[in-house]
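Here is a short briefing to read alongside the model. Have the viewer open and follow along.

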Amino acid sequence: MGSGIAAHCANAGLPVLLLDIVPPKLSDEEKKSRSARNGFAAGALKKMLKHKPAPLSHKRHAQLIEVGNFDDDLERVAECDLIVEAIIERLDIKQSLFTKLEKILEGKETIVASNTSGLRIVDMVEGRSDAFKQKFLITHFFNPARYMKLLELVRGPETSDAAMARVERWGRELLGKGLVHAKDTPNFIANRIGTHSIMAVIHQMLEMDLTPEDVDAITGVPMGHPKSATFRTGDVVGLDTLVHVIDNCHQVLTEDEDRDLFEVPAYIRKMVENGQLGSKTKAGFYKKTKAGIETLDPKTGEYRARGGDGDIKKATKKLAEVEDVDARLRKLVATEGVVGDFAWKSLSRSLAYAARRVGEISDDVAAIDDAMRWGFNWERGPFQTWDALGFAETYDRMVKDGIDLPDSIKKMRENEAAKGFYHEGKVYNLASGEYVGQSPDPRNVTLTVLRKGNAPVLQNQSAEAWDLGDGVLGVTFKSKANSIDADVGQMLNDAIEKAETDFEGVLIFNQGQFFCVGANLFLVAGAAAQKQWDKIEGMVKGLQDTMQKMRYSHVPVVAAPFNMTLGGGLEISMASNSVQAALETYAGFVEPGVGIIPGAAGTMNSVWRAFEDQPDGMDVDGYALVTQVFKNIAMATVATSAHEAIGMGYFRATDGVTFDRERHLYEAKQRVIGMARSGYKPPHQKAYKLPGDSGIATLEMLVNTLVNGGYASEHDGLIARKLAVVLCGGRSGHTHEVTEQEMLDLEREAFVSLCGEQKSQERMQYMLMNNKPLRN
């Protein structure tokens with residue numbers, strides 16, 4: 001956990017000193033070696049570079065992390081602004097460390113924060129000075145630190161407002177975390193509610209004689225929870241970690257009315273003893289074998305072929321297709337039979353438990369909801385779920401079922417003014433019995449909030465453009481997975497024309513799971529099957545012209561990519577004048593996988609991007625630049641972060657990266673406004689001398705080696721050779737400066753010719769017939 005926190009600080013550009021203990025059992029000679037003494041910290045840094053999912057958003061960020069050890073380097077913490085302690089969860093060892101830190105930090109403003117998940121502040125700082133206590137608090141990250149938004153902050157009785165404010169700024173502004181203030185109670189908010197929910201589900205499964213597959217089908221997407229649901233989540237977290245948290249609850253929550261629920265079932269205890277810890281040991285509740293996925297049978301303790309009840313699968317699959325999460329939740333608990341029965345019993349128990357914890361773990365129901373959304377990736381927190389099901393109806397059903405509810409909830413039910421936990425922008429305070437205003441970050445805006453007027457400025461079947469205020473015209477796709485079709489292309493054209501007369505800039509901001517998974521290939525595949533080559537060429541030219549129109553618009557065009565930004569989605573980003581990307585943006589050209597190459601100016605813009613930072617008059621090694629572009633496209637290399645996308649040339653070094661997705665729209669809009677109001681002028685068209693025939697020959701040799709070695713198919717080789725011709729500016733690319741139009745013509749010719757290849761058509765048809773998205 002400590003190395004994960006260090007990595008994310010480095011992602012944010014912060015220098016980090018990473019310390020660990022000196023490895024025990026060093027030889028006398030090794031004890032003299034700093035590298036050996038730093039072995040644990042250095043090993044953690046080395047693992048960062050290989051770990052999946054990657055804690056570093058770019059490997060070069062490791063340069064910001066310096067390693068050391070407690071014995072030789074502890075005095076250096078006096079140089080730091082913040083110390084995050086993430087050592088073993090033993091009170092005596094933590095207290096010993098804090099005793100040493102107090103002496104080192106005397107007279108300093110350094111803040112000390114513990115990443116503990118189960119120890120109380122008052123115990124950890126026992127015997128420390130008031131000055132130390134004033135600058136001490138808990139910062140509880142969720143693992144993996146880069147990807148999980150939640151950061152729980154817990155202050156002690158003496159923690160100063162100034163120290164808390166500094167840590168809040170670090171977490172929110174620099175790391176992009178969602179902050180939740182918790183009380184100093186065991187497991188704080190998210191783990192307390194989350195582990196209770198998990199254990200309620202596990203015990204309910206045993207009582208109703210269901211299987212892990214049945215339970216995961218119900219408690220995943222249908223319940224507004226991640227696809228990993230309950231048991232798969234346990235495998236990802238690690239059963240040893242899960243059991244540690246549950247045992248801690250059972251040990252310390254002696255007054256908890258549901259304490260017995262935190263009793264780990266014997267079969268799970270046995271799994272931990274056997275080393276069946278989940279994904280990290282390749283066996284947990286599920287195990288992947290050559291024959292397929294197997295499931296551990298709780299009754300026998302043995303693995304069996306993955307199964308599950310067919311009726312449950314059918315019902316939950318239908319529920320998962322309901323896009324509106326509130327409607328989905330209502331349908332789930334209303335489903336007749338075992339699905340609805342199980343869902344209601346587990347949900348109602350969890351909701352009631354969360355209600356009974358208000359005042360103990362937090363006074364704010366919104367904080368509890370945020371903790372569960374950000375820490376466990378629930379689409380709705382417990383009180384939001386309660387509202388979705390209907391506050392009054394859910395309360396009445398709970399009472400009928402004999403579920404214990406706190407007096408504050410009973411009073412809320414009697415209060416005629418109480419419509420739910422959330423109402424008209426306010427949240428219900430269970431202590432006062434009144435609605436109170438919320439103070440959201442004004443940067444956490446949505447399209448619904450920003451859009452002006454009652455109707456879009458422009459719209460068609462697949463896209464629309466709204467006035468977002470401040471002179472910004474916002475284009476949003478409405479197609480499936482935000483894929484590109486003729487209407488999307490037309491909207492981009494129309495929006496630019498409209499913006500050039502009536503607005504200051506254009507923002508391309510999509511909603512949904514993905515920014516854009518590429519072009520809709522149904523039309524291309526259909527035209528190819530009918531040998532309508534002129535139609536395909538017209539489609540491609542239309543998209544190329546659109547990209548060029550974006551690039552040379554007289555108002556700035558900014559794209560805001562996030563998550564999957566593939567194929568045409570990346571081409572849109574590269575054609576934009578600037579990008580404000582979410583940190584978790586996965587960008588790449590995956591077209592070779594379906595038998596084609598990028599066809600909407602992607603090849604040209606990739607080459608131009610490689611050349612654009614070279615000073616005029618410099619003798620550039622064009623072949624080296626083109627070769628790297630060739631590798632990125634031919635091997636369908638996908639960047640796994642916005643920082644990687646910058647490093648690969650997909651985005652520019654001057655493009656923005658948003659760490660908090662809830663601020664993405666605000667920051668992207670500010671980029672448009674900033675460009676528009678700082679004298680924006682469109683770029684001039686460029687022409688470059690490219691490798692031409694010799695470059696093509698060299699790249700073909702590379703391709704032939706891969707094909708002959710069995711690393712690529714003959715058809716992969718054909719695609720790569722055509723790509724080489726385009727990127728090298730054609731056979732004569734070395735004889736003159738190749739213009740943009742020449743590059744576009746070469747790209748279009750290669751694209752259309754590949755559509756005529758039987759193997760390419762087979763790949764496209766396979767993808768479409770099997771509903772395989774382009775990203776695969």
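Leaving aside its neighbours within four places in sequence, which residues is Leu-723 in contact with? They are Ile-597, Thr-603, Phe-630, Ile-633 and Ala-634, where contact means heavy atoms within 4.5 Å. This is a predicted model, in which local features need pLDDT of at least 70 and side-chain atom pairs count only at pLDDT 80 or more, while totals for chains, interfaces and linings use all residues. Residues are numbered from 1 along each chain as its sequence is written, and side-chain values use heavy atoms, with hydrogens and water left out.

**Leu-723**
- Leu-723 sits in helix 31 (residues 714–727); helices are DSSP runs of H or I, at least four residues, numbered from the N terminus.
- Leu-723 is buried, at a relative accessible area of 1% (buried means under 20%, with a 1.4 Å probe and protein chains only).
- Thr-230 is 493 residues from Leu-723 in sequence and 45 Å away in space, C-alpha to C-alpha.

**Ser-346**
- Ser-346 belongs to helix 16 (residues 338–357) and is buried, with a relative accessible area of 5%.
- A polar atom of the Ser-346 side chain lies 3.2 Å from the backbone oxygen of Ala-343.
- Beyond its neighbours within four places in sequence, Ser-346 is in contact with Val-201 and Met-223.

Conventions: Helix = DSSP H or I, 4+ residues; strand = E, 2+ residues; numbered from the N terminus. Buried < 20%, exposed > 50% of the residue type's maximum accessible area, 1.4 Å probe, protein only. Polar contact = N/O pair within 3.5 Å; in protein donor to acceptor, adjacent residues only side chain to side chain.
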